[in-house]
Amino acid sequence: MSIALNLDHSSAVRSPVASRPSLIGLGKPQLAEALVGAGIAERESKMRASQLWNWLYVNGVTDFERMTNVAKPVRQLLADKFILDRPEIVSEQVSSDGTRKWLFRFRDPANPLYPPVEVETVYIPEQDRGTLCVSSQVGCTLTCSFCHTGTQKLVRNLTAGEILGQVLMARERLGDFPGGSRPDDGGLVPADGSRAITNIVMMGMGEPLYNYENVKQALLIASAGDGMSLSKRRITLSTSGVVPFIEPTGREIDVMLAISLHATNNDLRDVLVPINKKWPIEELLEACRKYPGLSNARRITFEYVMLDGINDSDAEARELVRLLAGIPAKINLIPFNPWPGSNYGTSPSSRIERFADIVNKAGYASPVRTPRGRDIFAACGQLKSESERLSRKDREALAG
Ligand code: SAH
Ligand code: SF4
């Protein structure tokens, strides 16, 4: 999208509404702090924060007026001081296989001169689960050579509220909040039907461990037992290998870990996943061995994209098994998903089966990830938005 198109939204971005801070993405202590800042008595703030928490994250309310157990003058005060912003839906596409992809647009109240940014979020319904694939950044600083997001420069990190906003908006659209209704296009929620979204994977746009604090905050809220209450066992954070943040992820966020390995030697991994030049395979696997809470019941998933003639030989399958020896692991083979301009091909299915066979015989579960939502370009590694980083000159022009 050109900068001129983004200008269409500049008046809204600069409106007084947008300059009020959003409460979405705040935990209970921060909510209490914000309330005190707004003039609510300290002794009342904890109780009010609990009420707000419940309205925001359990009931999915977007209007202070609906907070019926909050006294009317307090509701008015809150509405004067804060917003409960969620992303705007730019588009929503539904694949023939039920996969759903949204393009969400976020305004940035903290940076009113900055144009809104857009990210993609994907919902993948299966028999026994419904998985939301969430973005952590607009674009990515890393340049993995097979990934479409990697061709988009980093525009900015998403805030905790924006990461969580994707989950809230998806829950809203899928009828997951109390009193909500499911979309009527059938067959898109897990069979038990209780919740459309049971799992979260941080596998959308961006490298979550390069936006650690915001991702942590969002996931802690998503998994809090008295809030959205998604099980930590059903939240997976995928990283290309930002080694220093692997241990804190286990200790502080305590979610499942997935590693984008994709190669069994450093020469190839340097090309496919260039962050490998900074933290090579040995260091990465060492960090995995020390991942807090690692056990046979809590394995690390190693993602391996199957690139025709590049990394898919029998010898590499055997090397993969050798490398992972001693690490409680699952191996996830992902057929490469092509995108316009990509230079790789997808390994033939006979090759993927042979590779999987070697890995299986060595005792690893190695599901081959079925590409989902290919017709709407929603499969792994195909996400990209048109948001552009603005130069200082353009920002000044925007400011008028
Ligand atoms: N930045 C994080 C998470 C987002 S990518 C990471 O790299 O792990 C989620 C997964 O999709 C990663 O394993 C990534 O390597 C993989 N992927 C990227 N592009 C792909 C493509 N075109 N086809 C298949 N998988 C891809
Ligand atoms: Fe970024 Fe992950 Fe894509 Fe690599 S694979 S460019 S880390 S989003």
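Reader: Which strands each supply at least two residues of the shell around ligand 1?
Author: They are β8 (235-239), β10 (300-306) and β11 (329-335). Helices (H or I, at least four residues) and strands (E, at least two) are DSSP runs, numbered from the N terminus.

Reader: Before we go on, what kind of model is this, and how are things numbered?
Author: This is a predicted model, in which local features need pLDDT of at least 70 and side-chain atom pairs count only at pLDDT 80 or more, while totals for chains, interfaces and linings use all residues. Residues are numbered from 1 along each chain as its sequence is written, chains are lettered from A and ligands numbered from 1 in the order in which they are written, and side-chain values use heavy atoms, with hydrogens and water left out.

Reader: How many residues surround ligand 1, and which are the closest?
Author: Ligand 1 is surrounded by 21 residues, the closest being G206, S238, S260, H262 and N337. A residue is counted as near a molecule if one of its heavy atoms lies within 4 Å of it.

Reader: And how does that shell divide by residue type?
Author: Ten residues are nonpolar, nine polar and two charged. Ala, Val, Leu, Ile, Met, Phe, Trp, Tyr, Cys and Pro count as nonpolar, Asp, Glu, Lys and Arg as charged, and the others, Gly among them, as polar.

Reader: Which polar atoms lie by ligand 1, and at what distances?
Author: A polar side-chain atom of S238 is 2.6 Å from an oxygen atom of the ligand. Polar backbone atoms of F146 and of N337 each lie 2.9 Å from a nitrogen atom of ligand 1. On its own, ligand 1 has 530 Å² of accessible area, and the protein covers 96% of that (Shrake-Rupley method, 1.4 Å probe).

Reader: What about ligand 2: which residues are around it?
Author: They are C140, L142, C144, C147, G150, G206 and S240. This shell divides into four nonpolar, three polar and no charged residues.

Reader: Changing topic to helix α13: what span should it have?
Author: Helix α13 covers residues 349-361, and its 13 residues should span 18 Å, which agrees with the 18 Å between its end C-alpha atoms. The expected span is 1.5 Å times one less than the number of residues.

Reader: Which of its residues are buried?
Author: The buried residues of α13 are I352, F355, A356, I358 and V359. Seen down the axis, they fall within an arc of 155°, so they line one face of the helix; the arc is that of the directions from the helix axis to the C-beta atoms. The face turned away carries the exposed residues S350, E353 and K361. Buried means under 20% relative accessible area, exposed over 50%, and partly exposed in between (1.4 Å probe, protein chains only).

Reader: Is R171 buried or exposed?
Author: R171, in helix α7 (residues 160-174), is buried, because its relative accessible area is 5%.

Reader: And T99: where is it, and what does its side chain contact?
Author: T99 is in the loop between β1 (88-94) and β2 (100-106). It is buried, at 1% relative accessibility. The T99 side chain makes a polar contact of 2.7 Å with the side chain of D97. A polar contact is a pair of N or O atoms within 3.5 Å; within protein, one must be able to donate a hydrogen and the other to accept it, and residues adjacent in sequence count only if both atoms are side-chain atoms.
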